[in-house]
Amino acid sequence: MKKIILRLFFLTLGAFIAGFGLDGFIIPNKMIDGGIVGISIMMSYLTKANLGLLLVCINIPFIFLALKKMGKAFVVYTLYAILMLAISVNFFHKTHVTNDLLLATVFGGVVLGIGVGLVLRNNAAMDGTEILALRFAKKIGFSIGEIIMFFNFFIYMAAGKIFGWDRAMYSVLVYFIAYKVIDIVMEGFNESKSVTIISDKAKEIGDSIIEKLDIGITYINGKGGYTGAEKKIIYCVISRLEMTKLK
């Protein structure tokens with residue numbers, strides 16, 4: 001129960017942070033996020049319909065697509081996160097932090113990325129295009145990222161027609177800033193890399209890595225696919241700051 005309550009707390013926090021990023025920086029400056037959020041912003045602008053209501057209504061069909069592939073828990077948490085986002089965009093509706101497009105782009109992307117990252121980190125999503133990409137990636141032979149970018153291309157083209165091409169380009173910058181911040185929230189600043197080294201001098205290289213970098217390594221027995229020769233493979237995990245030294 002404590003685990004569930006803590007997860008719901010972070011989903012609520014993430015949704016409200018994302019809502020503040022949208023209402024405080026992005027929407028007032030006629031910019032959008034990608035995916036269903038971007039479609040909802042444009043539809044709300046054109047029809048004057050409530051943005052929170054649009055977010056829920058457009059996302060619901062995509063949520064049910066996730067039921068088979070992602071499980072009931074993911075669907076329940078995702079529905080909750082979307083409802084919280086809908087509430088938050090109405091709560092912060094009259095919040096407007098800055099008219100400076102550069103500041104709005106950078107801080108909007110950062111704040112939005114923190115909010116979305118918190119939601120993703122707690123086994124939920126707030127955008128149906130991600131769910132659609134997960135559902136169909138293997139069936140149509142494209143990666144999840146490629147499918148999302150395909151949808152977003154048309155969404156940002158539509159944004160250019162509605163808000164102007166300069167705002168569409170700023171929106172693309174918002175998306176990429178948010179994307180990088182999501183990675184940081186999900187993985188942390190200290191990104192690690194796994195390294196595989198194949199060499200006839202595996203023992204000497206392995207001893208040197210242990211001595212000079214003071215990190216653990218694993219030896220794996222391998223076999224050359226062409227020659228059939230037995231090989232020792234070195235496997236280790238290092239921080240990105242140690243990569244140059246390792247090389």
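The crossing of helix 1 and helix 5 is left-handed in this predicted model. Two packed helices are described by the angle between their axes and the distance between the axes. Here helix 1 covers residues 2–26 and helix 5 covers residues 101–121. Their axes lie 7 Å apart, at an angle of about 165 degrees. Angles over 145 degrees count as roughly antiparallel, so helix 1 runs roughly antiparallel to helix 5.

Which residues of helix 1 and helix 5 make the contact? Helix 1 brings F10, L11, L13, G14, A15, I17, A18, F20, G21, L22, F25 and I26. Helix 5 brings L103, A104, F107, G108, V111, L112, I114, G115, V116, L118 and V119. Sorted by type, the residues of this contact are 19 nonpolar, four polar and no charged.

Now follow the nonpolar core. The largest one holds 37 residues. Within this core, L22, I26, I32, L85, L112 and M126 touch the most other members. Several helices contribute: helix 1, helix 2, helix 3 (51–70), helix 4 (72–91), helix 5, helix 7 (144–163) and helix 8 (165–187) each supply at least two residues. A second, separate core has 12 residues, among them I209, I217, C236 and L246.

Take L22 as a way in. Setting aside neighbours within four places in sequence, L22 is in contact with I27, P28, D33, V37, I41, L85, V89 and L112. Two of these partners, L85 and L112, are named with L22 among the core residues that touch the most other members.

Next, go to L101, in helix 5. Is L101 buried or exposed? Its relative accessibility is 19%. Buried means under 20%, so L101 counts as buried. Residues up to four places away in sequence aside, L101 touches N29, M31, R167 and Y170. M31 is 70 residues from L101 along the chain, yet their C-alpha atoms are separated by 9.3 Å.

Two loop residues deserve a look at the backbone. K30 sits in the loop between helix 1 and helix 2 (35–47). Its phi is positive, about 55 degrees, although K30 is not a glycine. K30 is partly exposed, with a relative accessible area of 37%. N123 lies in the loop between helix 5 and helix 6 (128–140). N123 is not a glycine either, and has a positive phi of about 65 degrees. With a relative accessible area of 32%, N123 is partly exposed.

Terms used
Residues are numbered from 1 along each chain as its sequence is written. This is a predicted model: local features need pLDDT of at least 70, side-chain atom pairs count only at pLDDT 80 or more; totals for chains, interfaces and linings use all residues. Side-chain values use heavy atoms; hydrogens and water are left out. Axes are lines fitted to C-alpha atoms, for helices over the stretch in contact, and angles run from 0 to 180 degrees between N-to-C directions. Helices (H or I, at least four residues) and strands (E, at least two) are DSSP runs, numbered from the N terminus. Angles under 35 degrees count as roughly parallel, over 145 as roughly antiparallel, 65 to 115 as roughly perpendicular and the rest as oblique. A crossing is left-handed if the near helix is turned anticlockwise from the far one by less than a right angle, and right-handed if clockwise. Contact means heavy atoms within 4.5 Å. Ala, Val, Leu, Ile, Met, Phe, Trp, Tyr, Cys and Pro count as nonpolar, Asp, Glu, Lys and Arg as charged, and the others, Gly among them, as polar. Buried means under 20% relative accessible area, exposed over 50%, partly exposed in between (1.4 Å probe, protein chains only). A nonpolar core is a set of buried Ala, Val, Leu, Ile, Met, Phe, Trp, Tyr and Cys residues joined through side-chain atoms within 4.5 Å.
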